[in-house]
Amino acid sequence: MGQVNGGVVTEAGDVCWLRADVALAAAARRHAGQLARGICLSEERVSQVELCVTEMATNLLKHTRDGSVALRVVRFGGRAAVECLSLDSGPGIEDVPLALRDGTSAVGTLGIGMGAIGRLADVSGIHSLRGRGTVLYARFHAEDTAPEPDARVAAVDTGGLTRPISGEQVCGDTWAVRTMGGAGDDRLLLMMCDGLGHGPLAARVADRAREAFRDSRRPGPSGVLEDVHAGLRGTRGAAVAIALVEPAEQRVRLSGVGNISALVTVAASRTALLSMPGIVGAHLPRLRTFDAEFPPGAALVLHSDGVSDRWKPGDFPGLFAQDPTLVAAQILNQAAVRRDDAGIVVAAHRRA
């Protein structure tokens, strides 16, 4: 195989995390409006984004034990969008279909209902675990950045999320997804990176890893990982895993170094893909590539050690049929720890 010339599909960016407190609704509305205007949404659309996040925030304060709103701008090739997520730790929603009916408001929220949020957003979803917590997701696309049909990425949907350690504003974990290049080539490369330590220094390592991943023209996971290693020389280093998703072959290939968890889920089962000991940027061991089957309906999950690896697919009924960003958010919501940066990226094989 020769060099590849793929482009970035999507990657981690800055995420504004707002914890639930009395000022949450006002803060979420202000930040969401700023993000929406930043990608040139119309004022009518900005108002809809603001309404969405205000309802999310108000629901958190009225109905949940604890929670957060996460806001960000995402870019998918030539497309830009504002994504809004609310995550809470319970008690969960007893009857999700009822909650999605228009005007349902048990304790005096805006009463527009989560169903209305779903109609306002271009993409939306909800996943609730009784007694454990709920994630609500909404994405609003910029009007002038509608994607062109692209068969290369139609077979696999991707999404991810990062959250910094408590007390920090920037995250040392990052992820990215890019195509392999060439017309009709639906293969994707994914990277999950955990910059050693926390704070700005770890975040700089993460930025350099994304840059090296974007620039690499090597054809396989181990070659891309070698390029990321070269790009991180002179830094404190990172744990990094590179996965090649091949939908036509129904296969995933992975090369990893350091404490990155990688697994393929099919129904309630999971198959782990191993990483080698070492530090990318400092000490790269002899690389090995591990394979796993990736049939339609499967999902590949890569995450840092800021997310506990004890979770099981069977603990999340109905989750893996959702948008990958929602999948990533609920796993992070349930399994992330506050004493570390957390990052996760998900690829879901949709094509039958």
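Tutor: A place to start is the hairpin of strand 12 and strand 13, which has two residues between the strands and in which A267 takes a positive phi near 55°. This is a predicted model, in which local features need pLDDT of at least 70 and side-chain atom pairs count only at pLDDT 80 or more, while totals for chains, interfaces and linings use all residues. Residues are numbered from 1 along each chain as its sequence is written, and side-chain values use heavy atoms, with hydrogens and water left out.

Student: What counts as a strand or a helix here, and when do two strands pair?

Tutor: Helices (H or I, at least four residues) and strands (E, at least two) are DSSP runs numbered from the N terminus, and two strands pair if DSSP finds at least two bridges between them.

Student: Is strand 12 mostly buried or exposed?

Tutor: Five of its six residues are buried, so strand 12 is largely enclosed by the rest of the structure. Buried means under 20% relative accessible area, exposed means over 50%, and partly exposed lies in between, with a 1.4 Å probe and protein chains only. A267, in the loop between strand 12 (261–266) and strand 13 (269–272), counts as exposed because its relative accessibility is 70%.

Student: Switching to sheets, what is the strand order in the six-stranded one?

Tutor: That open sheet has the order 1-8-9-10-11-14, with antiparallel pairing. Strand 1 (8–11) and strand 14 (290–293) stand at the edges with a single partner strand each, so one side of each is left without a neighbour in the sheet. The twist averages 20° from one strand to the next; for angles in general, axes are lines fitted to C-alpha atoms, for helices over the stretch in contact, and the values run from 0 to 180 degrees between N-to-C directions. Within this sheet, strand 8 (residues 173–179) and strand 9 (residues 188–195) pair over seven bridges in the antiparallel sense, and T179 stands opposite L188.

Student: Which strands does helix 6 touch?

Tutor: Helix 6 packs on the sheet, touching strand 1, strand 8, strand 9 and strand 10 (238–246), and its direction makes about 160° with that of strand 9. Helix 7 also packs on the sheet, touching strand 8, strand 9, strand 10 and strand 11 (251–257), at about 30° to strand 11. Contact means heavy atoms within 4.5 Å.

Student: At what angle do helix 6 and helix 7 pack?

Tutor: Helix 6 (residues 199–215) and helix 7 (residues 221–231) pack at about 135°, with their axes 8 Å apart. That makes helix 6 oblique to helix 7, since angles under 35 degrees count as roughly parallel, over 145 as roughly antiparallel, 65 to 115 as roughly perpendicular and the rest as oblique.

Student: And which residues meet there?

Tutor: R208, A209, A212 and F213 in helix 6 meet V224, D227, V228 and G231 in helix 7.

Student: What about the five-stranded sheet, what is its order?

Tutor: It is an open sheet in the order 2-3-4-6-5, with antiparallel pairing. Strand 2 (16–19) and strand 5 (123–129) are the edges, each with a single partner strand, so one side of each has no neighbour in the sheet. Strand 3 (residues 67–76) is joined to strand 4 by 10 bridges, with S68 partnered by L87. Helix 1 lies across strand 2, strand 3 and strand 4, running at about 5° to strand 3.
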